[in-house]
Amino acid sequence: MIELEDIGYVRSGVADFATAVHFATDIVGLELMDSGEPGVAHLRSDSHHHSLSLVEGVSGVIASGFTLATEDALVAAESELERRGFRVTRGDEKEARSRRVAEFIGFDDPFGNRIELAFGRQTISRPVRLSRGSGITEFGHLCLDAPDVREAYRFWSSTFNARVSDWVGDGACLMRIDEVHHKIAVFQADEPGMCHMNFQVAELDDVFRNWHFLVEHGVEIEMGPGRHPQSGAIFLYFLGPENFTYEYSFGVRRITDEAAWRPRFFDPDEIGAIDMWLGPKARTVSQPQLRLSDPA
Ligand SMILES: O=C/C=C/C(C(=O)O)=C(/O)C(=O)O
Ligand SMILES: [Fe+2]
């Protein structure tokens, strides 16, 4: 069993670099760090150097990064994954530098999502300078796509310390690796990919201020503002360039009594199953409501 310490970063390829960076900064509000690498933009949201890297090139997610607590844990994880039949590669110095980690390994999960495990992630002491007042406080969770969500749960819970917090039918599994209700989610989709990347905001008002700001700037709102009955968080999903879905949310549940928590099963056909406020998509029946963007 590999002990994930935390979520670390998302690395995503973008064909139109300038547009994607403009959106991540001036619209989402992330801070642009000086990467020192042409064609790579590091976006900061919290005490770490960055949570999102945009890399000029082929459009689409490159990897989802998680941190391990020690170098020994990384070495052990490498052997453990190889023992389980995964082809593991070790990042070289330049690649580790670009991720602002000391060392990392990478492998494809059983569904084709590239996962990276790192240790020695860089912390920045000075406060974050958000590009606009979006109220972002931290990288909250990442959501991956997989064709079989139960199978994905078996993978995450048997390979890592991920525990299910709640299910939404066979369409979504929300998993925790610490007290936060979920830091990893898997949504059902035909292909692997990044369903969305979540940023927590400081207060409820930020969700609504951001909503008005996004609408004013012509950004496509995919769902929300609404409230998820699972984590209790008030959410807003919106679409960035190149089909990258961002989520702001506030008020995620913390599971402090680990022994007492029992995962709940929500029926996606039931009204309000993913939005207690019954916003537009919450009123459509059946699982497609879990698909945030319409298939191309
Ligand atoms: O489909 C349900 C989604 C639930 C939540 C939540 O409870 O906060 C998410 O954030 C999500 O994974 O988008
Ligand atoms: Fe989410």
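This is a predicted model: local features need pLDDT of at least 70, side-chain atom pairs count only at pLDDT 80 or more; totals for chains, interfaces and linings use all residues.
View 1. The domain assignment sets domain 1 at 6–119 and domain 2 at 136–287, and their contact draws 26 residues from domain 1 and 25 residues from domain 2. On the side of domain 1 that touches domain 2, at least two residues each are supplied by strand 1 (6–14), helix 1 (17–27) and strand 5 (60–67); the residues of this side comprise 13 nonpolar, 9 polar and 4 charged.

**View 2. The spans annotated as "domain: VOC".** An unreviewed UniProt entry places this feature at residues 6–120 and 138–251. The end C-alpha atoms of residues 6–120 are 12 Å apart, and that span is 27% helix and 38% strand; for residues 138–251 the end C-alpha atoms also lie 12 Å apart, with 21% helix and 47% strand.

View 3. The strands follow the order 2-3-4-1-5-8-7-6 with mixed pairing, and the edges are formed by strand 2 (31–33) and strand 6 (89–90), each of which pairs on one side only. Strand 3 (residues 40–44) is antiparallel to strand 4 (residues 52–56), the two being joined over 4 bridges, and Ala41 has Leu54 in strand 4 as its bridge partner.

**View 4. Helices lying across strands.** Helix 1 lies across strand 1, strand 2, strand 3 and strand 4, and runs at about 165° to strand 4. Helix 2 (residues 71–83) lies across strand 7 (103–108) and strand 8 (114–119), and runs at about 20° to strand 7.

Technical notes: Residues are numbered from 1 along each chain as its sequence is written. Chains are lettered from A and ligands numbered from 1 in the order in which they are written. UniProt positions are given in the numbering used here, feature names are shortened, and annotations may be inferred rather than shown by experiment. Domain bounds come from an automatic or database domain assignment. Two residues are in contact if their C-beta atoms, placed from the backbone, lie within 7 Å. Ala, Val, Leu, Ile, Met, Phe, Trp, Tyr, Cys and Pro count as nonpolar, Asp, Glu, Lys and Arg as charged, and the others, Gly among them, as polar. Two strands pair if DSSP finds at least two bridges between them. Axes are lines fitted to C-alpha atoms, for helices over the stretch in contact, and angles run from 0 to 180 degrees between N-to-C directions.
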